[in-house]
Amino acid sequence: QVQLVESGGGLVQAGGSLRLSCAASGLTFSPYRVGWFRQAPGKEREFVAAISWSAGSTYYADALKGRFTISRDKAKNTVYLQMNSLKPEDTADYYCAARSDFGTQYDYWGQGTQVTVSS
C-alpha cells in the first residue's frame with residue numbers, strides 16, 4: 001500500500017524559507033517519480049517540481065526555478081521541497097504525489113500540507 005505523508009508546512013513571512021518533506025512508503029514499482037503540486041484557494045492545482053527516484057533527475061515549473069529545490073534522501077525514503085524567497089502568492093496547500101516514471105498520471109497522493117506566506 002502506497003503512503004505519502006507531507007509535513008513542514010506553516011506560516012512564514014514573505015522572503016522567508018520553508019522545507020517540506022514527503023515521507024514515502026510502499027512504492028515497490030520502479031522506476032518512479034515523486035512530484036510536488038500546489039493548490040491555492042479558488043485556483044486549479046499546479047505542478048511545482050518532480051524528481052526521478054532512481055536517477056535523481058529533477059523537473060520544475062518554469063516560474064519556480066531558482067527559488068524552489070527538490071531533492072530526495074534514499075535512506076529515509078523522503079523527498080524534500082526547499083522553498084526560498086517565499087511570496088504571498090506561494091500560499092497554497094502543497095501535495096506530494098507519485099507515479100511510474102513511464103507514465104504520465106500521478107496515481108498516489110498525500111493529504112497535503114498548508115503553506116501560508118504573509119506580506
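The following legends describe close-up views of a predicted model.

Local features require pLDDT of at least 70 and side-chain atom pairs pLDDT 80 or more, whereas totals for chains, interfaces and linings use all residues. Residues are numbered from 1 along each chain as its sequence is written, and side-chain values use heavy atoms, with hydrogens and water left out.

**View A. The largest nonpolar core holds 29 residues.** Such a core joins buried Ala, Val, Leu, Ile, Met, Phe, Trp, Tyr and Cys residues through side-chain atoms within 4.5 Å; buried means under 20% relative accessible area (1.4 Å probe, protein chains only). The members touching the most others are Trp36, Val48, Phe68, Val79, Leu81, Met83 and Tyr94. At least two core residues come from each of several strands, including β4 (32-39), β8 (78-83) and β9 (92-100); strands are DSSP runs (E, at least two residues), numbered from the N terminus.

**View B. Phe37 and Tyr106 form an edge-to-face aromatic pair.** Rings of Phe, Tyr and Trp (its six-membered ring) pair if their centres lie within 6.5 Å, and planes over 60 degrees apart count as edge-to-face. Because Phe37 lies in strand β4 and Tyr106 in the loop between β9 and β10 (108-109), the pair ties together parts 69 residues apart in sequence. Phe37 is buried at 10% relative accessibility, as is Tyr106 at 13%.

**View C. Ring pairs join Phe37, Phe47, Tyr106 and Trp109 in a cluster.** The structure holds five aromatic pairs.

**View D. The charged end of Arg99 sits over the ring of Tyr106.** Its distance from the ring centre is 5.2 Å; the criterion is CZ of Arg or NZ of Lys within 6 Å of the centre and within 35 degrees of the ring normal. Arg33 lies over the face of Tyr59, 4.2 Å from the ring centre.

Terms used. Buried means under 20% relative accessible area, exposed over 50%, partly exposed in between (1.4 Å probe, protein chains only). Helices (H or I, at least four residues) and strands (E, at least two) are DSSP runs, numbered from the N terminus. Rings of Phe, Tyr and Trp (its six-membered ring) pair if their centres lie within 6.5 Å; planes under 30 degrees apart count as stacked, over 60 as edge-to-face and the rest as tilted.
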